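Okay, quick one from me today.

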Amino acid sequence: MAKDTFFRKKATLNAGGKLIDLATPREMGIINLTPDSFYADSRKQSIDAALQQAGKMLGEGATFLDLGAYSSRPGAEDISAQEEMDRLLPVVEAIAAAYPDAILSIDTFRAQVAEAAVNAGGHIVNDISGGQLDCEMFVTVARLKVPYILMHMKGTPQNMNKQAQYEDVFSEVYDYFVKRYDELKHLGVNDVIIDPGFGFAKKAEQSYALLNRLQEFNALQLPILAGVSRKTMIYKTLGITADEALNGTMVLNTIALMKGANILRVHDVKEAVEAVKLVGAL
């Protein structure tokens with residue numbers, strides 16, 4: 001079923017002056033420039049460590065690198081836009097210089113940070129709040145003419161766990177995408193990717209309900225990003241830790257691929273590349 005949808009939904013992305021074919025799913029490697037992201041091995045606080053991780057992930061086959069300097073784990077500390085930029089911009093500049101062909105995604109909900117990072121060498125804006133935490137985000141992305149990852153979340157990282165209340169989680173997330181995409185389209189944003197926001201203002205059972213119906217988001221005719229890597233929906237369900245959650249991550253990534261995911265946002269690129277190849281061989 002998933003393969004049939006590729007011909008109906010948008011399957012290309014214009015990023016960094018390149019047309020990227022998403023009919024074959026792609027991998028997005030996560031590099032966190034924070035001291036407190038939930039998975040310790042993803043934390044790369046120095047430029048050298050970030051460059052080394054970038055090279056490793058690109059070598060393993062990542063198409064995108066997702067750079068974030070604001071921890072969005074539940075209950076994370078709020079930091080200023082200036083501190084976020086101080087962490088982020090030197091790394092964006094360094095990776096853009098060292099790996100000029102890499103496509104850099106900027107994980108931020110602040111328009112000011114997004115614009116500075118795109119000017120420093122970023123190509124995509126990945127907004128966990130879908131424009132809800134900064135009213136300038138949509139117009140900024142439209143002006144910058146960059147692709148935008150529209151994620152679903154309620155509340156803020158500091159209080160989102162208290163917001164996980166839905167009558168029908170799938171219908172609410174679907175309607176949210178319809179409304180927000182209509183606003184983006186009206187502003188002239190051409191490349192929009194949707195992300196259901198697994199674990200963001202969602203209990204594990206709500207995240208699994210969304211994953212179970214992921215293929216139904218194909219009706220929106222937009223590329224889908226699945227970000228389940230090492231999340232609580234995996235490790236708490238299994239009674240393990242994030243460090244032990246690679247196998248569980250790959251099980252859910254495989255399910256996401258079979259339901260039409262176009263991008264896997266992952267901590268472990270090599271294993272995701274293998275999953276894409278094996279699912280593609282079906």
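So, start with helix α5, residues 137–144, and helix α6, residues 169–187: their axes come within 9 Å and cross at roughly 40 degrees. Axes here are lines fitted to C-alpha atoms, for helices over the stretch in contact, with angles from 0 to 180 degrees between N-to-C directions. Helices are DSSP runs of H or I, at least four residues, numbered from the N terminus. α5 and α6 are therefore oblique to each other (under 35 degrees counts as roughly parallel, over 145 as roughly antiparallel, 65 to 115 as roughly perpendicular, and the rest as oblique). On the α5 side, Phe 138, Val 139 and Ala 142 make the contact, and α6 brings Arg 180, Glu 183, Leu 184 and Leu 187 (contact being heavy atoms within 4.5 Å). That set splits into five nonpolar, no polar and two charged residues.

Before the other pair, a caveat: this is a predicted model, where local features need pLDDT of at least 70 and side-chain atom pairs pLDDT 80 or more, while totals for chains, interfaces and linings use all residues. Numbering runs from 1 along each chain as its sequence is written, and side-chain values use heavy atoms, without hydrogens or water.

Okay, α3 (residues 81–98) and α4 (residues 111–120): those axes come within 9 Å and cross at roughly 20 degrees. That makes α3 roughly parallel to α4. Who touches whom? From α3, Ala 81, Glu 84, Met 85, Leu 88, Leu 89, Val 92, Glu 93 and Ala 96 meet Gln 112, Val 113, Ala 116, Ala 117 and Ala 120 of α4. This contact divides into ten nonpolar, one polar and two charged residues.

Conventions: Helices (H or I, at least four residues) and strands (E, at least two) are DSSP runs, numbered from the N terminus. Ala, Val, Leu, Ile, Met, Phe, Trp, Tyr, Cys and Pro count as nonpolar, Asp, Glu, Lys and Arg as charged, and the others, Gly among them, as polar.
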